[in-house]
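Visitor: Could you show me how to read a few features here, one at a time?

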Amino acid sequence: MADRVLVIGSGGREHALAWKLAQSPHVKHVFVAPGNAGTADNGKISNSAVLVSNHTIVIQFCKDHNIGLVLVGQEALLAAGIVDDLRAAGVRCFGPSAKAAQLASNTSFAKAFLDRHGIPTARWKAFTNPQEACSTDFPARVVRARGLAARKEVTIAASKEEACRAVQEIMQDRMFGDMVVIEELLQGEELSCLCFTDGVTVASMPPAQAHKRLLDGDQGPNTGGMGAYCPVPQV
């Protein structure tokens with residue numbers, strides 16, 4: 001019998017996942033929570049108002065609707081351990097555990113992990129003191145908060161003064177947290193090379209490139225991404 005699937009999130013990635021899942025003969029219906037206008041009542045796809053921040057409610061929803069698989073796209077929920085709770089309740093779930101999700105949700109954890117395992121990464125330092133953060137001697141600086149906001153709220157500073165202003169916004173004004181990570185700026189093409197794994201087998205996707213900077217010529221502030229294309233001619 002075809003399975004019912006629950007996709008958790010409300011962005012473009014969840015729309016794409018639901019659209020592709022609905023094409024499978026193994027899938028009877030795709031619920032998206034909370035979903036968006038593109039996933040509302042679209043054939044085998046429909047939105048659900050289930051409160052995704054409450055893991056107990058999500059678990060009960062899965063049991064009431066005979067959900068065979070849950071896919072979590074929302075990063076904050078992954079960091080909060082929704083996959084751990086669903087699996088503990090016997091609900092099949094695709095997504096990283098809270099511990100693994102730190103690679104995306106905690107910048108300083110991810111950078112330390114890369115260093116510990118000899119994976120090349122830009123020089124970096126983490127600071128809890130804004131005065132010390134302003135004293136870094138990297139010739140070009142990337143300033144980011146430690147947590148999930150850091151994925152989107154990134155300042156590429158052309159000068160030490162600009163970097164210090166970004167540090168003040170993050171730490172002294174507490175906009176995004178009480179720790180800041182400052183990295184050496186690496187110039188060049190930025191590509192995303194994603195893989196799926198079950199812990200044994202790795203299936204790689206073709207490389208993609210996202211549009212990050214707001215204005216033409218990379219002159220504007222960094223964003224969470226304004227579209228992407230694949231494949232890319234650089235590789």
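Guide: Let's start with Gln209: leaving aside neighbours within four places in sequence, Gln209 is in contact (heavy atoms within 4.5 Å) with Glu189, Glu190, Leu191, Gly227, Ala228, Tyr229, Val232 and Gln234. This is a predicted model, where local features need pLDDT of at least 70, side-chain atom pairs count only at pLDDT 80 or more, and totals for chains, interfaces and linings use all residues. Residues are numbered from 1 along each chain as its sequence is written, and side-chain values use heavy atoms, with hydrogens and water left out.

Visitor: Is Gln209 buried or exposed?

Guide: Buried means under 20% relative accessible area, exposed over 50%, and partly exposed in between (1.4 Å probe, protein chains only). Gln209 has 11%, so this residue is buried.

Visitor: Which side chain makes a polar contact of 3.3 Å with that of Gln209?

Guide: A polar contact is a pair of N or O atoms within 3.5 Å; within protein, one must be able to donate a hydrogen and the other to accept it, and residues adjacent in sequence count only if both atoms are side-chain atoms. Here the partner is Gln234, and the side chain of Glu189 also makes one with Gln209, at 2.8 Å.

Visitor: How are two packed helices described?

Guide: By the angle between their axes and the distance between the axes. Helix 5 (residues 98-105) and helix 6 (residues 107-116) pack at about 95°, with axes 6 Å apart. That makes them roughly perpendicular (65 to 115 degrees).

Visitor: Which residues of helix 5 meet helix 6?

Guide: Lys99, Gln102, Leu103 and Ser105 do, against Thr107, Phe109, Ala110 and Phe113.

Methods. Axes fitted to C-alpha atoms, helices over the stretch in contact; angles between N-to-C directions. Helix = DSSP H or I, 4+ residues; strand = E, 2+ residues; numbered from the N terminus. Parallel < 35°, antiparallel > 145°, perpendicular 65-115°, else oblique.
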